[in-house]
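User: I'm new to this one. Can you walk me through it?
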Amino acid sequence: WHAKTRELMIRELSDHLPSHPLIPADGRLNTELWGDWNREQGQSMEGVLDLRDAELPGEPDSLRVDHVNTRFKWQFLTRKSWRLDFSGFRIDQAGAPWSSDRLTLERNIPGNLGLWVSADLLEVAFPLELTQRIMSVYETPWPRNVPRSASGSVTGFDLVLDRRWKLYMTAGKFESVSATDWGRWPSVTGLRGDVDLLAGSGQTTVQGRDVRVEWPRNFRRPLIADFPSCTLDIGWGDRWQVHVRDCSLENDLIRAHGRLNFAQTEGKPAVDVNVAIDHAKVADLDPYWPHALIKPRVSDWLSACLVGGQVTGGQLSLRGDRDDWPFTGYEGQLEASVEFEGLVLDYYPGWPRAAGASGSAIFRGQSMIVDAALSDLSG
């Protein structure tokens, strides 16, 4: 069969087609296509498509697309087995145009393939929204540790989800990526790097200048810093684990480097953290005390007490199950050391201010040891 349309109103056509997440509910269609169908091999279709002002239904909101122009081939057997190939793909969504020489979507439940997305180039926002629409149609919840909103571009991209919508592999090189709205994790803007995950393990490298980190459950103010390098070794399966190594952070406020390990447990994850600080401005640390990790009275005291001075060196070591925090029964380990100079302290309301303190402090579990000299107390 062969068909050609000019300014076809999709709303009038969609009522007569089988329901499918990739069939728009609205829009204007100009296309020429040809194909064949039989009961054993299903529907085979290819052609040229030009779609304007389209709307893909889904929850919580419909996905609107301003313009799509592409050559395509679609092999459709059942809702559980189909493949859609695009070439010369060009799209304009929300006034932001982009294109890819090749884009493929495939689903094959009998072959344990929930969804495969592959492209030479992708602008992250559109395929992320499209995948959420497809998953909502199949009444599949979105993974907790995957952001719901993102932007940026990925080249050489592949994503494979198995029939249970669990991640099997993903790979690609990303640029200017932002990730938001993903539960307990911080929102991050301005990263670049690459990802290579396969069959339960893999690695991601990230870096960036003026990266913006927003983490309201811990930080009262966004953190903007350079990340010269950072490598994440990732494992998943029955339990996930993320090992962050060779990681450094720099800005006018602080310079630090270290490694972090997070591992899934029955409740909150187990952590193993080792971080060294080369330099920090004490007063400016106030918005960044990890409020989810320390008690409110401790963070309030730190905010009110430390009003000036410099940290010239320090190290933090934290290891244990976060369900046991703050390790009062020695279920885990907390040890930190810091060297400081010119420290200014309002250590208790109504007491004299202490200034010019230099020395060191060591924190072990519930104890603190301070060795310091003080140059000024209440003048």
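User: What handedness does the link of C230 and C247 have?
Analyst: Left-handed, with -100° about the S-S bond. Keep in mind that this is a predicted model.

User: How far apart are the sulfur atoms of C230 and C247?
Analyst: They are 2.1 Å apart, and the two residues form a disulfide. The pair links distant parts of the chain, 17 residues apart. C230 is in the loop between strand 12 (223-227) and strand 13 (231-235). C247 is in strand 14 (residues 241-250).

User: How many disulfides does a search of the whole structure find?
Analyst: One.

User: Is C230 buried or exposed? And why?
Analyst: C230 counts as buried because its relative accessibility is 6%, and buried means under 20%. C247 also counts as buried, at 14%.

User: New topic. Which residues are buried in helix 3?
Analyst: S299, L302 and C305 are buried in helix 3, which spans residues 296-305. They cover an arc of only 140° around the axis, so they sit on the same side of helix 3. C305 has a relative accessible area of 1%.

User: Why would residues a few places apart point the same way?
Analyst: An α-helix has 3.6 residues a turn, so residues three or four places apart point the same way.

User: What's on the face of helix 3 turned away from its buried side?
Analyst: That face carries the exposed residues P296, R297 and D300.

User: And what covers the buried residues of helix 3?
Analyst: The cover includes strand 17 (306-321) and strand 18 (333-345).

User: Which residues touch the most other members of the largest nonpolar core?
Analyst: F72 and L306, in a core of 75 residues.

User: What is L306 in contact with, leaving aside its neighbours within four places in sequence?
Analyst: L306 is in contact with V282, A283, W289, L343, V344 and L345.

User: Now the strands. In which sense do strand 8 and strand 9 pair?
Analyst: Antiparallel, over 10 bridges. Strand 8 covers residues 149-161 and strand 9 covers residues 167-180. T155 has K173 in strand 9 as its bridge partner. The two strands form a hairpin with five residues between them. W165 in that turn has a positive phi of about 65°.

User: How many bridges do strand 9 and strand 10 have?
Analyst: Nine, and they pair in the antiparallel sense. Strand 10 runs over residues 187-198. M169 stands opposite L198 in strand 10. Strand 9 and strand 10 also form a hairpin, with six residues between them. D181 in that turn has a positive phi of about 55°.

Key. Residues numbered from 1 in each chain as written. Predicted model: local features only at pLDDT ≥ 70, side-chain atom pairs only at ≥ 80, totals over all residues. Heavy atoms only, no water. Core = buried A, V, L, I, M, F, W, Y, C linked by side-chain atoms within 4.5 Å. Buried < 20%, exposed > 50% of the residue type's maximum accessible area, 1.4 Å probe, protein only. Contact = heavy atoms within 4.5 Å. Disulfide = S-S within 2.5 Å. Helix = DSSP H or I, 4+ residues; strand = E, 2+ residues; numbered from the N terminus. Arc of directions from axis to C-beta. Pairing = 2+ DSSP bridges.
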